[in-house]
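This report covers model confidence, surface charge and salt bridges. The sequence and structure come first.

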Amino acid sequence: MIGLAATAAACSGGISEMTTAEVKDAAGMTQDEVEQLGPEGRFNLTGERYQRMQELMTEAQLQVSDDPWKWQTPGFEANSGSTAYAPLPGADLDNSYYMDMTRHTRPEGAVGAVADARPVYDYFVSKGWEVSLTENDFSELELEATHDFRVQAITKDGYRVQYVVQQNGWYYFEVLTDTFWGDADAIISDQDARIPDGELFPPNLPQSLSPEPGWTVPGVYTEYPKWDDPIIQKPED
């Protein structure tokens, strides 16, 4: 993982001797190399990452349930790299990003038992990923979900996948990328310009696939737009 490597280098003083321009992101690219891709190349690369996240999400969800899951985030958005799990040295609000998507389910009778986390833990291990299982107590924060078990994995290609079983009965998967160079605002703007209003979440799906807006069965999701899709003129807020 680039983030772990960067942390180690910082501890040894390596990063202080390395200019930001030399720092490579999770894809092994420098800022200059990413810039040379141009807007279309950066857009398409983000789409490839989105597609990989959807594949990981679908496979993970099917280990638990093929019933509809509630969407928390669609996964398109590029979040500022300065707030990432492992920020790149020199990352700020404008020059880097990461992506995340989350899906929730509420199994009948679920109470956040560790036994509910074990099948996903075993699945992650079977994939040969780096895996951990932790227990968390939030009782002092007076939250609804005062306790959870969290299974976290890092895939061989650097994505983070975690499954959380909460005491309140809501369980969820989250898939996150590591950090990449690129302008988060520009990526979001290019996406938004090609996605019709109301279609960020899967629209007009059959009842069997989506019982209500924002819910889908695993494997059903909004396709990433194409660069050649028409630019949609949207009214200003």
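## Negative patch

Asp 32 is located in helix α2 (helices are DSSP runs of H or I, at least four residues, numbered from the N terminus). This is a predicted model, in which local features need pLDDT of at least 70 and side-chain atom pairs count only at pLDDT 80 or more, while totals for chains, interfaces and linings use all residues. Residues are numbered from 1 along each chain as its sequence is written, and side-chain values use heavy atoms, leaving out hydrogens and water.

Asp 32, Glu 33, Glu 35, Asp 92, Asp 94, Asp 183 and Asp 185 form a negative surface patch (residues with over 30% relative accessible area and no salt bridge, like charges joined within 9 Å; areas by Shrake-Rupley with a 1.4 Å probe). Helix α2 (residues 31-36) supplies the largest share, 3 residues.

## Salt bridges

The whole structure holds 3 salt bridges (a Lys or Arg side-chain nitrogen within 4 Å of an Asp or Glu carboxyl oxygen). One of them joins Glu 55 to Arg 52, with the closest N and O atoms 3.7 Å apart. Both lie in helix α3 (residues 38-61), 3 residues apart, about one turn of the helix.

## Confidence

The chain averages a pLDDT of 86, and 84% of the residues score at least 70 (pLDDT is the predictor's confidence per residue, from 0 to 100).

Key: Patches are made of residues with over 30% relative accessible area and no salt bridge: like charges are joined within 9 Å, nonpolar side chains (Val, Leu, Ile, Met, Phe, Trp, Tyr) within 5 Å. Lys and Arg count as positive and Asp and Glu as negative; His and the chain ends are not counted. The place of a charge is taken as NZ of Lys, CZ of Arg, CG of Asp or CD of Glu. Helices (H or I, at least four residues) and strands (E, at least two) are DSSP runs, numbered from the N terminus.
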